[in-house]
Each structure stands twice: as C-alpha cells, then as structure tokens.
Amino acid sequence: LKKDVEPEYTFPDDPEEMNSTELGTKMLYFTGLHGHTQWRLGQLEAKLIAITAEYKIRIQQHGLEWKEEAGIKRPSADVLEAAVLKQHKELLPLFIKKTELEALQAQLESHVKIYERAWAALSRELARREMESRTGG
C-alpha cells in the first residue's frame, strides 16, 4: 500500500448471503487492514510525539519572551500560541506539520474503529451460523 492511501473496500450488503468461506476470507481481510492501520498509527504517533514536544518547547521559549514584552502574566494558552506564531513565522511549518499529523491520526483512529466493527459484524454472523448448526435451526 502507498504510504498515505487507504485501501478501498466494500462491506457486503448482507453478510447472511455470504458462505462461510467468504465470511472467513472477508474477516481475514479486515484483520489485515486493522493490523496495517494500527501499525501506521503507531508510526504516526511516534512522529507526532516528537514534533509536538519540539513545538511546545519552542512556543514556551518564545512565549516567555512575549509575556515579558507584553507585560501579561497569565495569558491563555491559545492567546500565547497565537502571539508567538504571529511574531515567529518560522514556527508555522512546524505548526502545520503538527496539525496535519493530528488530522491523519484522527483519520487512522477512525479507520481502526471501522475495521473493528466490520470484523465484529462478520464474526457475529459466523457465530450465529455455528449456533444454528448446533441447535439444528
């Protein structure tokens, strides 16, 4: 898979119409997607931790200077961040990268949930069939 491209998939309209082999195959597919997405999420979170730490340190460093210059003792975090970004444009690329990674993190977390729900729905159908075969239903 390409780095920032999620695979396209179709969830069956009615899992009841699939045979057990098809259900198992689809479950393996969602397991693979889930595992790959979790792996990507882990890599992204490692990058995000480093970038966020650097960003916070730089905002705090420049924020101390700004508070002294402005004579403001306790500005809100948002006001401080905005003031620092306004004065120090060199931090904008770091801010943008951090924001992009946070957006991708949210997207990957959403995909993980989708894959978990899809797998669980197929698993329920497989379990239902197993129960019916045991009870003769």
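Reader: Which pattern does the protein follow when read along the sequence?

Author: Good place to start! This is a predicted model, and along the sequence the protein follows the pattern α-α-α.

Reader: How many helices and how many strands does the secondary structure come to?

Author: Three helices and zero strands.

Reader: I can see helices lying against each other. At what angle do α1 and α3 pack?

Author: Helix α1 covers residues 20–70 and helix α3 covers residues 92–135. Their packing angle is about 160°, and their axes are 8 Å apart. Angles over 145 degrees count as roughly antiparallel, so α1 is roughly antiparallel to α3.

Reader: Is the crossing of α1 and α3 left-handed or right-handed?

Author: The crossing in which α1 passes α3 is left-handed.

Reader: What kinds of residues make up the contact of α1 with α3?

Author: The contact divides into 20 nonpolar, nine polar and 13 charged residues.

Reader: Now the overall form. What radius of gyration does the protein have, and what would a compact globule have?

Author: The protein has 24 Å, whereas a compact globule of 137 residues would have a radius of gyration near 14 Å.

Reader: What share of the residues is buried?

Author: Buried residues make up 31% of the 137 in the protein.

Reader: And what share of the contacts with a separation of 6 or more joins residues 24 or more positions apart?

Author: For the protein, that share is 75%.

Note on methods:
Residues numbered from 1 in each chain as written. Predicted model: local features only at pLDDT ≥ 70, side-chain atom pairs only at ≥ 80, totals over all residues. Heavy atoms only, no water. Axes fitted to C-alpha atoms, helices over the stretch in contact; angles between N-to-C directions. Helix = DSSP H or I, 4+ residues; strand = E, 2+ residues; numbered from the N terminus. Parallel < 35°, antiparallel > 145°, perpendicular 65-115°, else oblique. Left-handed = near helix turned anticlockwise from the far one by under 90°. Nonpolar A, V, L, I, M, F, W, Y, C, P; charged D, E, K, R; others polar. Rg over C-alpha atoms; globule rule 2.2 N^0.38 Å. Buried < 20%, exposed > 50% of the residue type's maximum accessible area, 1.4 Å probe, protein only. Contact = heavy atoms within 4.5 Å.
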